[in-house]
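Please read it alongside the sequence and the structure.

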Amino acid sequence: FQQTDMDVVETCGEGILSSAGPSVQCSLPSIDEEVVGFEKDAESIMKKLIGGTKELDVISIFGMPGLGKTTLARKVYNNPSIVNHFDARVWCSVSQTYIERTLLIEILKQATGGNYEIKEDDDIADKLRKTLIGRRYLIVLDDIWEVEAWEDLGLCFPKGEDGSRVMVTTRIEQVAKHLQHRSDPYSLRFLTLEESWELLIKKVFQGESCPPNLLEASLQVAEHCKGLPLVIVLIAGIIVKMERQESLWLEV
């Protein structure tokens with residue numbers, strides 16, 4: 001395979017596998033929402049969102065980059081049971097650098113279905129709070145890095161007894177613990193070797209079964225991905241372009 005492909009994996013891999021500091025800014029493929037191994041995780045998160053206390057609760061999903069926190073959150077967010085349960089759903093990507101007013105405007109637009117005209121001197125926080133009062137809402141704050149981000153945004157979320165929820169994804173365990181209300185933070189696990197192999201085969205062969213001559217090589221490739229879904233997707237994107245030869249696959 002081309003050297004440029006390998007450079008992408010090495011560069012992105014460093015960002016993915018490092019739990020400290022921001023990930024490398026490169027274009028990564030998204031993991032589809034049918035990732036293997038997430039079924040039980042999704043079920044557990046959905047129970048926290050739909051069941052439990054009627055008071056506002058924060059559900060935090062944490063884990064190192066590449067584990068699929070955002071993928072799991074979006075899988076749950078788009079589940080028909082969740083869609084039907086909440087009066088308003090909002091998805092907001094926070095990231096390491098953010099502008100509070102910009103995020104609040106985005107949340108307000110989604111909460112109102114885009115039917116609100118923003119004026120420069122509007123008190124967005126107050127408008128958002130009034131929009132959400134009395135409604136059962138789900139707000140996803142994806143990729144929070146600092147407690148301050150929650151302190152900036154969380155004050156705008158009414159603490160009624162409507163069964164509302166805020167779902168947060170973060171790579172930092174201390175942030176997840178600080179945001180805890182009633183539900184314990186949810187630690188996302190690594191994929192097992194079997195799940196890793198299943199995802200690799202799904203991405204490479206697109207529904208076809210793995211040829212017997214590539215079985216051993218595909219297992220070795222899956223094992224080298226260390227249970228990280230994003231790494232598996234990256235590697236699959238490379239080997240899908242290669243000839244189906246065991247010797248070539250083992251070079252990845």
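Ile-61 stands opposite Thr-169 in S4, and Ile-61 also stands opposite Tyr-186 in S5. This is a predicted model, in which local features need pLDDT of at least 70 and side-chain atom pairs count only at pLDDT 80 or more, while totals for chains, interfaces and linings use all residues. Residues are numbered from 1 along each chain as its sequence is written, and side-chain values use heavy atoms, with hydrogens and water left out.

Helices (H or I, at least four residues) and strands (E, at least two) are DSSP runs numbered from the N terminus, and two strands pair if DSSP finds at least two bridges between them.

| Strand pair | Sense | Bridges |
|---|---|---|
| S1 (residues 57-62) and S4 | parallel | six bridges |
| S3 (residues 137-142) and S4 | parallel | four bridges |
| S1 and S5 | parallel | two bridges |

In S4, Val-168 is the bridge partner of Leu-141. From S3 the chain crosses through helix H7 (residues 147-154) to S4, a β-α-β crossover that is right-handed (with the strands pointing away from the viewer, the path from the first strand over the helix to the second runs clockwise).

The open sheet is formed by five strands in the order S2-S3-S4-S1-S5, with parallel pairing. Strand S2 (88-93) and strand S5 (186-187) stand at the edges with a single partner strand each, so one side of each is left without a neighbour in the sheet.

Where strand S4 is concerned, six of the six residues (165-170) are buried, so S4 is largely enclosed by the rest of the structure; buried means under 20% relative accessible area, with a 1.4 Å probe and protein chains only. Both faces are covered, with Arg-165, Met-167 and Thr-169 buried on one side and Val-166, Val-168 and Thr-170 buried on the other. Over the protein chain, buried residues make up 46% of the 252 residues.

Turning to the helices, the axes of H9 (residues 193-205) and H10 (residues 215-224) come within 9 Å and cross at roughly 115°, the axes being lines fitted to C-alpha atoms over the stretch in contact, with angles from 0 to 180 degrees between N-to-C directions. That makes H9 roughly perpendicular to H10, a description that applies to angles of 65 to 115 degrees. The contact (heavy atoms within 4.5 Å) involves residues including Leu-193, Trp-197 and Ile-201 of H9 and Leu-215, Leu-219 and Glu-223 of H10.

Key. Buried means under 20% relative accessible area, exposed over 50%, partly exposed in between (1.4 Å probe, protein chains only). Angles under 35 degrees count as roughly parallel, over 145 as roughly antiparallel, 65 to 115 as roughly perpendicular and the rest as oblique.
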